[in-house]
Amino acid sequence: MLEHVLVLSAYLFSIGIYGLVTSRNMVRALMCLELLLNAVNINFITFSDFFDNRQLKGNIFSIFVIAIAAAEAAIGLAN
């Protein structure tokens, strides 16, 4: 199960990197940045569940990343 989730995360991360490098549109770049952050969130939660399922460190970091992503989306779309 761990390998499947990590492959999904790597796939999302690679799509985000490719889209971020090749995009000329700011909205598309923000969407690709969101894909990168979602891949990181998947890794945080997967490793937290796999290695330390009694503590919620990965889930807490994931909530912080989601808050940062919401802030950057609000600032990016306000321009």
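Figure 1. The largest share of the patch comes from α3, which contributes three residues.

**Figure 2. Overview of the protein as a setting for the close-up views.** The protein holds three helices and zero strands, and, read from the N terminus on, its elements run α-α-α. Along the principal axes, the C-alpha trace of the protein spans about 40 × 25 × 10 Å. Of the 79 residues of the protein, 27% count as buried. The accessible surface of the protein comes to about 5,800 Å², and 71% of this surface belongs to carbon and sulfur atoms. Among the contacts in the protein with a separation of 6 or more, 51% are accounted for by residues 24 or more positions apart.

**Figure 3. Asparagine 43 and its contacts with residues 6 and 9****.** The place of asparagine 43 is in helix α2, which covers residues 26-51. With a relative accessible area of 24%, asparagine 43 is partly exposed, since this value falls between the limit for buried residues, under 20%, and the limit for exposed residues, over 50%. When residues up to four places away in sequence are not counted, asparagine 43 touches Leu6 and Ser9. The side chains of asparagine 43 and serine 9 are joined by a polar contact of 3.2 Å.

**Figure 4. Threonine 46, a buried residue of helix α2****.** Threonine 46 is found in helix α2. Its relative accessible area is 13%, and threonine 46 is therefore classed as buried, the cut-off for that class being under 20%. Leaving aside the neighbours within four places in sequence, threonine 46 is in contact with Leu2 and Val5.

Figure 5. The place of tyrosine 18 is in helix α1, which covers residues 2-22. At 58% relative accessibility, tyrosine 18 counts as exposed, because the cut-off for the exposed class is over 50%. Tyrosine 18 and cysteine 32 are 14 residues apart along the chain, and their C-alpha atoms are separated by 8.3 Å.

**Figure 6. Isoleucine 68 in helix α3 and phenylalanine 47.** Isoleucine 68 is found in helix α3, where this residue counts as exposed at 56% relative accessibility. The C-alpha atoms of isoleucine 68 and phenylalanine 47, which are 21 residues apart along the chain, are separated by 20 Å.

**Figure 7. The two spans listed as "transmembrane region" in the UniProt record****.** The UniProt entry, which is unreviewed, lists residues 6-22 and residues 60-78 under the name "transmembrane region". In the predicted model, the span of residues 6-22 is 100% helix and 0% strand, and its end C-alpha atoms lie 24 Å apart. Over residues 60-78 the chain is likewise 100% helix and 0% strand, with the end C-alpha atoms 27 Å apart.

Notes. Residues numbered from 1 in each chain as written. Predicted model: local features only at pLDDT ≥ 70, side-chain atom pairs only at ≥ 80, totals over all residues. Heavy atoms only, no water. Helix = DSSP H or I, 4+ residues; strand = E, 2+ residues; numbered from the N terminus. Buried < 20%, exposed > 50% of the residue type's maximum accessible area, 1.4 Å probe, protein only. Contact = heavy atoms within 4.5 Å. Polar contact = N/O pair within 3.5 Å; in protein donor to acceptor, adjacent residues only side chain to side chain. UniProt positions renumbered as here; feature names shortened; annotations may be inferred. Areas by Shrake-Rupley, 256 points an atom, 1.4 Å probe, with all protein chains shown as cover.
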